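Biologist: I would like to go through this structure term by term. Please tie each label to its cut-off.

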Amino acid sequence: MKDSRMFHENTSTDCLNLTTTSTGGDAFQKKGHSARILSPEEAERLAKDKVLMTDFKQLKLEKEAQKNWDLFYKRNSTNFFKDRHWTTREFQELKACREFEDQKLTILEAGCGVGNCLFPLLEEDLNIFAYACDFSPRAVEYVKKNSLYSTERCKVFQCDLTKDDLTENIPADSVDVVTLIFVLSAIHPDKMRLVLKNIYKVLKPGKCVLFRDYGLYDHAMLRFKSGSKLGENFYVRQDGTRSYFFTEEFLSQLFKAEGYEQVVNEYVQRETVNRKEGLCVPRVFLQSKFRKPFAKTEVLAD
């Protein structure tokens, strides 16, 4: 279950990133702690959208969440998302967390989808063993059928992160890095803490969760039509899948409440121009890093 649909982050011949500061290479963006400022028209439109979907319909969406994601992958197969070769560029933690060169790392990709992040990562770094899981059984099957899939390099399994104990497939305190990329936004806000609690069990003390997801006032949020709203910053798409748009404050409180320490937590804003359609598209993401602290006895022992 991984979702960065509607507008891909990757640059292409028809899509050029144009924001104010450069991170090197072909990517231009700005990072910081200030949320995007809405235009008066955008602010007025969001202010008018106050009607929430009925409780009955919302319960139905929750009950059918797995089915809706399975249908999504049935319709789109492995073709919907582009492979994410930016992962190691933007999250240098995947390389920097090594204590020595060529150290074998164990990672968990929580919500792997069909492997668009997993397989480029395994190709780029031969000293990684990856655990990967997804809510959708169909997505997991697509991963296992990929020609790059090898049980010597990764273990993939179906998992509802809100209720299935990760330690049934992964030893406790064994993972060096967890990636949570465009996953948490698809989960009901009331259950997000359960995901973080679950991940905490398998993460080594002193190691981090790398997070990237939709930020408040991203273009995708502004595209929802009336009747799609489920709650504050929470919406449903036509196919029944859902999306939450994070504020820096909400995410920080969410992680800290489960015992994590904040390392980095900031908005990434990009302005994408679609040349074919003549559209200027403001993208907003939240990119963050949260650490599982050492136990007090471990700290004293150091």
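Biologist: What makes a residue of this chain count as buried, and what share does so?

Modeller: Buried means under 20% relative accessible area, exposed means over 50%, and partly exposed lies in between (1.4 Å probe, protein chains only). Of the 302 residues of the chain, 54% count as buried. This is a predicted model: local features need pLDDT of at least 70, side-chain atom pairs count only at pLDDT 80 or more, and totals for chains, interfaces and linings use all residues. Residues are numbered from 1 along each chain as its sequence is written, and side-chain values use heavy atoms, without hydrogens and water.

Biologist: How many helices and strands are there, and what makes a stretch count as one?

Modeller: The chain has 11 helices and 14 strands. Both are DSSP runs, numbered from the N terminus: helices are H or I with at least four residues, strands are E with at least two.

Biologist: Why are E11 and E12 called paired?

Modeller: Two strands pair if DSSP finds at least two bridges between them. Strand E11 (residues 234-236) and E12 share 3 bridges, so they qualify, in the antiparallel sense. Tyr235 has Ser243 in E12 as its bridge partner.

Biologist: What makes a set of residues a nonpolar core, and which members touch the most others in the largest one?

Modeller: A nonpolar core is a set of buried Ala, Val, Leu, Ile, Met, Phe, Trp, Tyr and Cys residues joined through side-chain atoms within 4.5 Å. The largest has 39 residues; Leu108, Leu166, Leu180, Leu184, Ile199 and Phe255 touch the most other members. Helix H8 (192-202) is among the elements giving two or more residues. H8 gives the most, with 5 residues. Apart from this core lies another, of 20 residues, among them Leu121, Val143, Cys208 and Leu210.

Biologist: Which residues does Gly32 touch, leaving out those up to four places away in sequence?

Modeller: Glu248, Glu266 and Tyr267. Contact means heavy atoms within 4.5 Å. Gly32 sits in strand E4 (residues 30-32). Gly32 and Asn265 are 233 residues apart in sequence, yet 8.6 Å apart in space, C-alpha to C-alpha.

Biologist: What share of contacts with a separation of 6 or more comes from residues 24 or more positions apart?

Modeller: They account for 75% of those contacts in the chain.
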